[in-house]
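Subject: Structure handover

Hello,

Here is the structure you asked to look at. My notes on it follow below.

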Amino acid sequence: MASDESTVMVPNTRGKQVGLNLAWVNNNEFATFAFGNVLHKRDRSHQLMGEINLMKPDFILAEPAARTMLYECGQLFYTLQRRRYGLLGGQTQTIDFVDVSQQYRKSVRQTLQRMKDIPATDSTIRKMLYSIECVWHLVEILIVDSNASSGTVVTSLLQWIRYHFPNPERDATALLQEPAEDVEKKANYWPLVKALILQGHTMVARALLRLHPSSDTRSFQVADQLLQSLPIYNVHDGLSVHKYKVHWQSWRDNLHILIEAGNFGAEPNLEEILRLISGDRVAWRRQQRAATCWYEYLPGFLLYTDSSCRYYQLSRYANEWMMDFASAHANSHRNAPEFTVLDNLVLAVMDNNLPEAVVLLQQIPDNNWCAVHIVDLLYHAGLLHGNRPEDDPNGTDGTVVPLPDGKLIREFLLYDFGSLLMAEGTYWQLGMGYLEFSSTEGLGAREALLARVPIRHEAQALKLIAVARKNDFPGVIMEVCKVLTKRNLAHRRYGSALDWAIRSRDSSYVRDVTNIFLEHYCNHGELLCEKMIANLGQKIFISSQLVFLKKYYDFRLLYRKQEYAQAAELLISLMDSNIVPSYFWPCLMADVIPLLEFKEPIIPSAETLTVLRHLQLDLVPMLEQRKQTLKRQKQQQNPKTSAKSMLSLAMAPDVTTGGEPMEAEGEQDQTTLIPKFSSNLLNNCTEDLINLLRLACIRNLSRAYIIEHSGRD
């Protein structure tokens, strides 16, 4: 169990005694095992079984509510790459990267909405996704959107903060819909007006102030005029920054005079609001103590103090504001606040420190999902080092600090995330898309990782084969087919096993499966999956064993149709084909006996001599081998000769393997097919069969000679 966030207890009994060692299995998984110093005295009194613990991070996006986002954003990523590299429509397209970023954020936001409807969803995942959307939104308005980052940023920051802290605006909307006489009596009236001011909602705040019973008094009317005349810089007004600041300073001095003169002393809440819009640091520091995060009130403060702030100036304000927030919290809570990854990320983006932001993005516990997509988006937008437009190779426009080795970082993130998806199994198709546009190493790893995807059912196997065929991975196709062949054999689905073996185009696999069909026929006299064999077509040429199986099926079919002459001709041609398995000769010879007993011979004398030749060369040696086997079995029963007989059995050739020694059970090749029928094929070769066959050949030969020679006369 985990004792804290950074410590994990490994349940390894032996490791507690001698220590643990670690070895990486892949990029996302490592193994721990017991390992002691060589000088450590080992206790031989008791031996403990070695334990290996596999450790890997949880795939947090496997939550049902997050899967849709994973697939949607994967499709967005793939479409972006194809458009960027001219693979969609045949040419490179102009891309609105702000629109792409908004589509990513929309998917994250929809996932958050779905999670709200599922009470069982882990709150940690919801907080993580909120953090992702919050920082992504900030990156979008400050970095991706060149129009916003090149001009003033206060308006964009206000929209960002209002979007992620929407409660004041919602509460104000509900309050404005109530009767005017009841508004001021609400307990949250002044806190709500103050919250609106802190977020720069001056228009809504003025509307609420007009509903106050004292709105006709001079102090409220002056406050309304001050809010209305608040100078806000707008680049489109044609006013220079210098003139704006002169105007703002004059407005602020006037407000200070009115406050110091005590014009709002009768209304302390109204006076505090006016102190806030005047930029009074003491008043803002009091509000910082109640803020949920350090940046919550920063955009509002900038609106009232320097609405002409640009992106390159934001760093100074952000750092000062964060220090003030820490100081205010330290004074009120007697300890400094603990800043989260999101807090530091927001500071890094506002601080124009893209390298630090990328490092912090990888600290979000989302398996680097956010880092992958943001870095990829910035790379295509030309904001990473090595992919900057030619007219500004060093980023001298002052908008974004370039990321050293940004291209390599993107490739590493794509490779790492794609490999993780491939290892999860369920998301292997997404992983292929990410690896396709990663580094050369990622392109090469696709084939190896695709072959390791766990196959759950045949539909998935067909998808794997389709992807492998599309990417020209013949080795993957072969491996998938081999896995399905073994699986079907284990479940005794021999027809499917033969079909998958044929798809693998591996002649050895086809041969082994075909041998199962032939051995089953030898033992039981029944041919498996006859309908499938009948429709093999040109597939039979993958293996000579499969050719034999199909031709033998054709022979049986002709025999059942009573087309004996054609059946006999086919059977004799099979004997001369050199593709007959050694264990199948007894069956072929038994099949030819009825065809030799016809009063009107259907097998000519020359073909009869062929049968006799194969009888002597192929069947008689099998009988001799059977006798030797029986003799060895008798010797095994004698204790005096047991050791010698075991040695002779180990050195004896195996019939079914073409005369090669049998391998020990523990040393068999793991690639061979496991399901095998327990055949006793040597018992099919008996002296009675040989004697019957010889008599049948002699009778047919005599009849054939008489007919053939009488025809000549």
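The structure holds one cavity of 30 Å³ or more. A cavity here is a set of points, on a 1 Å grid over the protein atoms alone, where a 1.4 Å probe fits but cannot get out. The volume of the largest cavity is about 40 Å³, a volume being the space filled by probe spheres set on the points, which are joined across faces, edges and corners.

This is a predicted model, in which local features need pLDDT of at least 70 and side-chain atom pairs count only at pLDDT 80 or more, while totals for chains, interfaces and linings use all residues. Residues are numbered from 1 along each chain as its sequence is written, and side-chain values use heavy atoms, with hydrogens and water left out.

Which residues line the largest cavity? They are Val135, Val139, Leu345, Val349, Leu354, Ala357, Leu361, Ile374 and Leu378; a lining residue has an atom within 4 Å of a point. Two or more of the lining residues come from each of helices H4 (123-144), H17 (341-350), H18 (354-361) and H19 (369-380). Helices are DSSP runs of H or I with at least four residues, numbered from the N terminus. H18 gives the most, three residues. The lining has nine nonpolar residues, no polar and no charged ones; nonpolar covers Ala, Val, Leu, Ile, Met, Phe, Trp, Tyr, Cys and Pro, charged covers Asp, Glu, Lys and Arg, and the others, Gly among them, are polar.

Next, the rings. The count comes to 26 aromatic pairs, meaning rings of Phe, Tyr and Trp (its six-membered ring) with centres within 6.5 Å. In one of them, Trp284 and Trp321 have ring centres 5.9 Å apart and planes at 70°, so the pair is edge-to-face (planes over 60 degrees apart; under 30 is stacked, the rest tilted). Because Trp284 lies in helix H14 (residues 281-288) and Trp321 in helix H16 (residues 311-333), the pair ties together parts 37 residues apart in sequence. Trp284 is buried at 0% relative accessible area, and Trp321 is buried at 1%; buried means under 20%, with a 1.4 Å probe and protein chains only.

Arg503 lies over the face of Trp500, 4.4 Å from the ring centre. The rule asks for CZ of Arg, or NZ of Lys, within 6 Å of the ring centre and within 35 degrees of the ring normal.

Trp500 is also one of the contacts of Asn488 (heavy atoms within 4.5 Å). Asn488 is in helix H24 (residues 474-490) and is buried, at 0%.

Regards

Conventions:
On a 1 Å grid over the protein atoms alone, a cavity is a set of points where a 1.4 Å probe fits but cannot get out, and a pocket is an open set with protein on both sides within 12 Å along at least five of seven lines; lining residues have an atom within 4 Å of a point. Buried means under 20% relative accessible area, exposed over 50%, partly exposed in between (1.4 Å probe, protein chains only). Lists of a residue's contacts leave out its neighbours within four places in sequence.
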